Amino acid sequence: MTHFPRTLIFGGILFSIFLLGALISFVWTPADVEILQITARFKLPSTAHWFGTDHFGRDIFSMIMVGARTSIAVAVVAVGIGIALGVPLGLWAAANHGHWLDDFIMRGNDLVFAFPSLIIAILITAVFGPSAFNAIIAIGIFNIPVFARISRGGALSIWTLDYILSARVAGKRAFRISAEHILPNIANLLIVQGTIQFSLGILAEAALSYVGLGVQPPTPSWGRMLADSQTMISIAPHLALFPGFAIILTVLGLNLMGDGLRDILDPRIRRTQR
Amino acid sequence: MNFFVKKVATATAILLSSTIISHAAQTDITIGMQLEPPNLDPTGGAAGAIDQVVYANIFEGLTRYQADGSIAPALAKSWNISDDGLSYTFHLHEGVKFHDGSSMDAEDVKFSLDRARAEDSTNAQKALFAGIASVDVIDATTVKITLSSPNGGFITNMAWGDAVIVAPESIGNAATNPIGTGPFVFSNWVQGDRIEISRNDNYWGNPVALDSATFKFISDPTAAFAAMMAGDLDAFPGYPAPETLPQFAADPRFTVIGGNTEGETILSTNNKDEHFSKLKVRKALAHAINRQEIIDGAMFGYGKPIGTHFAPHHPDYIDLTGNSNYDPELSKKLLSEAGYPNGFETTLKLPPPSYARRGGEIIAAQLRAVGIKAEISNLEWADWLKQVFKGKDYGLTIVSHTEPMDIGIYARPTYYFQYDNPDFQQLMTDLTAESDPSSRSAMLKKAQRIISEDYVNGYLFQLARTSVINSKIKGMWENSPTQATDLTGVSWTD
């Protein structure tokens, strides 16, 4: 454990930059993103506006910072929903392995999993109205089966181990065994999966905002910045480039982090490396 | 090496030959349209896209609109009006044939008008024909129309795309195979892609310069830009991406036309809303808006500021923008007087067009500056119609009212902005009964003043109809007095 894989370090740095930007944006941004200055629109990057200005004369650098906040907040809560509901479901299913309840829970999960997630997210936001809240719910729902499967799979292999048998012999109920013995042992899996789901959450938020179903203006969002700049790409390409790179780099950073974390945490990989 | 020389020679030859070909004047044209018509029967559908293909090209009426909005004879070469203004005798052109070879005569006129005004008619503009008492055939080229009461606008009514003359034998299939009397014949419709028309060699009137025309449907503004730039399209009337217009304007290959439309773009205000029912609040709203910033920011400079619900190119228009000049300090003062020193929260529900979406962001920022927090929600048309137009569940919205002369909507208390002023309603009733032009003009001016001084809605700008066309094309309409892409006068200069 003394040295971290390079992917983890590189990915961690990339993601930290955006996380830091998002956190700083709570107290400071170079310019107010809610004040429009039409006369100062389409300015190219300069010392006054590091990333230039958009079609309303807003500072793109500030918008990327606040947009990072939007993306990360939506993804964190959406992954949180997935973990909070998916993990207990998975553990419950594993504890009832062989029972009809296991089948019932997992087939229910398969049902949700079978739908193309983004299409259903669009459906949800289209029916309940576009807002950050509905975007979070929509993305969150599709994280549930992912975490349920992962935790059930992990839990099943642990249920067969001797120390679980002794815990059962000692009279512990399935609920306590799941919470005290199984959950800590599948935490690695969940962390790795969580990182990957987090990057997918950021992509999904950008996609929903791109089609106009995510957070509503004036709150900046990378996806909507892309959509707004679409028809202006020939006159002011920097409007699309910066949010585009922000999405790419954040997702790349998170995926590299996920890879790195798996290298450290996944017991199977650790074993083969030795 | 030899091979290379050969290649260069071939390439040069191809280049040369293509230059030679391009010197002959082009006789076909490809026109971009954002919306595809649902069918091609102008007498049975309301969609404006139908007339944008067929009006004056495939179908003709007794009279027709010209590019400047005036009315000219079409299938009727002349007409007499009786002294009491009740009967119109139309004299038709002789030898007019439908595209299927059958002749167009007074019987077809009677059929078309009787069909349009029938009880079970599906005509989208039945009101145009409501005053007709009877249609009588005098002889093959003379038809007499009797009205139940005098109507100064009857000749104009007959110029509408909904009043075109059709034949009983072919009208049944007009939705997919329109057969009219016009200078172009329908030839092909590839659903979702394009409609092709070609010259009618047996046309009764002046022959057109073009051999064929293609209407290509491109809904995405980015794709429209690319297709125009690549030369796949020769013209795009009502071009959907104003942000790219400066680029076309700077390019000698293209001409940008900024014509006017009948579209008053307004910040519609729910007059029954708890905040906006107060006149002071509506006045504060009007003074918080910087129109020029909206025109520049949302429409890239295309659009004329308006201060009331009336088209600036109309002779009776009066400029009332001074009633609602941009004055945020006055706006704040009015808000405190109305009991909102710290402003209030409301909703701003926006339909899809870019004037609304972009304009909405700008207006929300302008309102924030005086303390009104307008929460934006971007809606699709169906949701907008349900929530705002029918449900009246909104504070503010932005929409362009594109119907001509539609100030009468302010006399409808149940209309979505819910303005209820008995004086105004009386004025509109009087206007309908009045026939003297100068009194009518005075009444229309008074009506404009009432709604402007009542600050019923935020009056923003007259929607421009910007068209991008190839510089070598002559004869396209600049303005849009009616929904049409009239190709009869269009030609290539070389």
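## Exercises on a predicted two-chain model

In this predicted model, the contact draws on 17 residues of chain A and 18 residues of chain B. On the side of chain A that touches chain B, nine residues are nonpolar, seven are polar and one is charged. With that picture in hand, let's work through some exercises.

**Exercise 1.** Describe the make-up of chain A, from its secondary structure to its contacts.

*Solution.* Start with the elements: chain A has eleven helices and zero strands. Read from the N terminus, the order is therefore α-α-α-α-α-α-α-α-α-α-α. Next, look at the extent: along the principal axes, the C-alpha atoms of chain A fill a box of roughly 75 × 50 × 30 Å. Then turn to burial: of the 274 residues in chain A, 44% are buried. Finally, take the contacts in chain A with a separation of 6 or more: 72% of them join residues 24 or more positions apart.

**Exercise 2.** Check the span of helix α6 of chain A, then find what covers its buried residues.

*Solution.* Helix α6 of chain A covers residues 144–159, which is 16 residues. The expected span is 1.5 Å times one less than the number of residues, so this helix should span 22 Å. The C-alpha atoms at its ends are 22 Å apart, in agreement. Now for burial: the buried residues of α6(A) include Ile144(A), Val146(A), Phe147(A) and Arg152(A). Among the elements covering the buried residues of α6(A) are α2 (60–95), α3 (100–114), α5 (132–141) and α8 (174–210) of chain A.

**Exercise 3.** Is Ala236(A) buried, exposed or partly exposed?

*Solution.* First locate the residue: Ala236(A) sits in the loop between α9 (222–229) and α10 (238–265) of chain A. Then count: 19 other C-beta atoms lie within 10 Å. A residue is buried at 20 or more and exposed at 12 or fewer, so Ala236(A) is partly exposed. One more thing to look up is Lys43(A): it is 193 residues away from Ala236(A) along the chain, yet their C-alpha atoms are separated by 8.6 Å.

**Exercise 4.** Trace how strands β14 and β15 of chain B are joined.

*Solution.* Find strand β14 at residues 344–350 and strand β15 at residues 372–378 of chain B. These strands run parallel, and seven bridges join them. For one of the bridges, pick Glu345(B): its partner in β15(B) is Lys373(B).

**Exercise 5.** How is chain B divided into domains?

*Solution.* Domain 1 spans 48–173, and domain 2 spans 260–464. The C-alpha centres of these two domains of chain B lie 37 Å apart.

Note on methods
Residues numbered from 1 in each chain as written. Chains lettered and ligands numbered in written order. Predicted model: local features only at pLDDT ≥ 70, side-chain atom pairs only at ≥ 80, totals over all residues. Contact = placed C-beta atoms within 7 Å. Nonpolar A, V, L, I, M, F, W, Y, C, P; charged D, E, K, R; others polar. Helix = DSSP H or I, 4+ residues; strand = E, 2+ residues; numbered from the N terminus. Domains from an automatic or database assignment. Pairing = 2+ DSSP bridges.
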